[in-house]
Amino acid sequence: MRYLVDDPDLTSRTPGEELAVAACRSPGETATAVVRGAIARHFPLAATRPRPPVRDLLKSATIADETVSFVEERRGSHQVTLDTEYAATPEAHQQPRAIKAALTEIRVRVPVPAQICRDPALLARFVDHRVIVRLCTVENDVLLHGSTDGAITGLLRLPDLRRLRGGTDLLDSIMAAAADVEDQGGSCDALVLHPRTYWRLIALGALPTLDAAGLRITRTRMIAPDQVLLGDFRAGVTLLDGSDGGTLTLRHHGELAEIEAGGRVGLAVHLPQHFALLVLAPETVPPAIEVLPAAEGAA
């Protein structure tokens, strides 16, 4: 009987299983499942293959309204020195102001053969393993580059984002950039970088060093290979999730169908100056591996 009852809290089912139940109730028709909380948090392989999305670097809050007020502190006009007195620090001259953050819809639409929709187990697995991971990619894109409606600016487009020039040593450049974040009063706690840069750091044996420093890493194709975003992600930003949770919708179009997944998300940036964009020196940017053309007549 538990299988016939809605489980929006996902206490015993996955998002894909919730949609499969809804689809079974109305075969061949549009079916929608509502879950509480962000769907992007439920990628099933996350526990055994940790690759945190951008959202996992941030503290989060759930809001019921369309907007929420928060305090943003911007850099003051005072000339900051490197003296060891509080009056010379950037935070001694920051200008706080109350502003509003708005929610925006983040959604992904994935086409599927209608045949999948007639197999509840296959439909549930496809949603959990393929649709959710694509939603995470879209969300990474929006959190880094901003939303089309302007509700989310994007961490790579922050108004006080400093651009730092990297040197000839990749790891030294990252450590110097992390120190720069802390010169501004933050605690550098995470990096966002391209997968090629991540695997170069693996090859250099740098991951234990970064881990010892408490730096979490998100690797994503949504940032350029010659860039690394560093910052005080936990203190500097709050991810806002709508209290109405997420939705999964299955629509039929003849022999094809479409699955739409998403929810409402916002971003409150408290300390934009606590982020820095490291632009890597060309010689330290890992190149893409050459892809060989397919052999003629290959099976």
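A search of the whole structure finds one cavity of 30 Å³ or more. A cavity is a set of points, on a 1 Å grid over the protein atoms alone, where a 1.4 Å probe fits but cannot get out. Grid points are joined across faces, edges and corners, and a volume is the space filled by probe spheres set on the points. The model is predicted: local features need pLDDT of at least 70, side-chain atom pairs count only at pLDDT 80 or more, and totals for chains, interfaces and linings use all residues. Residues are numbered from 1 along each chain as its sequence is written, and side-chain values use heavy atoms, with hydrogens and water left out.

The volume of the largest cavity is about 120 Å³. Its lining comprises 16 residues, and A38, I39, G262, G263 and V265 are the closest to the centre. Lining residues have an atom within 4 Å of a point. Six of the cavity-lining residues are nonpolar, six polar and four charged. Here Ala, Val, Leu, Ile, Met, Phe, Trp, Tyr, Cys and Pro count as nonpolar, Asp, Glu, Lys and Arg as charged, and the others, Gly among them, as polar. At least two lining residues come from each of α3, β10 (237-253) and β11.

A pocket is an open set of points with protein on both sides within 12 Å along at least five of seven lines. Its lining has 20 residues, of which F43, R51, P53, V133 and C136 are the closest to the centre. The pocket lining divides into eight nonpolar, four polar and eight charged residues. Both α3 (120-145) and β8 (216-219) supply at least two residues. Helix α3 gives the most, with four.

The protein chain contains seven helices and twelve strands. Helices (H or I, at least four residues) and strands (E, at least two) are DSSP runs, numbered from the N terminus. The C-alpha trace spans about 70 × 55 × 30 Å along its principal axes. Of the 299 residues in the chain, 48% are buried. Buried means under 20% relative accessible area, exposed over 50%, and partly exposed in between (1.4 Å probe, protein chains only).

Two strand pairings were examined. Two strands pair if DSSP finds at least two bridges between them. Strand β5 (residues 104-113) and strand β11 (residues 256-269) pair in the antiparallel sense over ten bridges. On β5, the covered face is formed by T104, I106, V108, V110 and V112. The uncovered face of β5 carries E105, R107, R109, P111 and P113. V110 has I259 of β11 as its bridge partner. Strand β6 (residues 162-165) pairs with β12 in the parallel sense, over four bridges. R162 and L164 make up the covered face of β6, and R163 and R165 the uncovered one. The bridge partner of L164 in β12 is L278.

Two aromatic pairs occur in the structure. Rings of Phe, Tyr and Trp (its six-membered ring) pair if their centres lie within 6.5 Å; planes under 30 degrees apart count as stacked, over 60 as edge-to-face and the rest as tilted. The ring planes of Y198 and W199 stand at 90°, with centres 5.2 Å apart, so this pair is edge-to-face. Y198 has 14% relative accessibility and therefore counts as buried. The pair of F233 and F275 is also edge-to-face, at 5.0 Å centre to centre and 85° between the planes. F233 belongs to helix α7 (residues 233-236) and F275 to strand β12 (residues 275-279), so the contact ties together parts 42 residues apart in sequence. Both F233 and F275 are buried.

G154 is found in the loop between α3 and β6. With a relative accessible area of 1%, G154 is buried. G154 and A235 are 81 residues apart in sequence and 16 Å apart in space, C-alpha to C-alpha. A295 sits in the segment after β12. Its relative accessibility is 56%, so A295 counts as exposed. A295 and E29 are 266 residues apart in sequence, and their C-alpha atoms are 44 Å apart in space.
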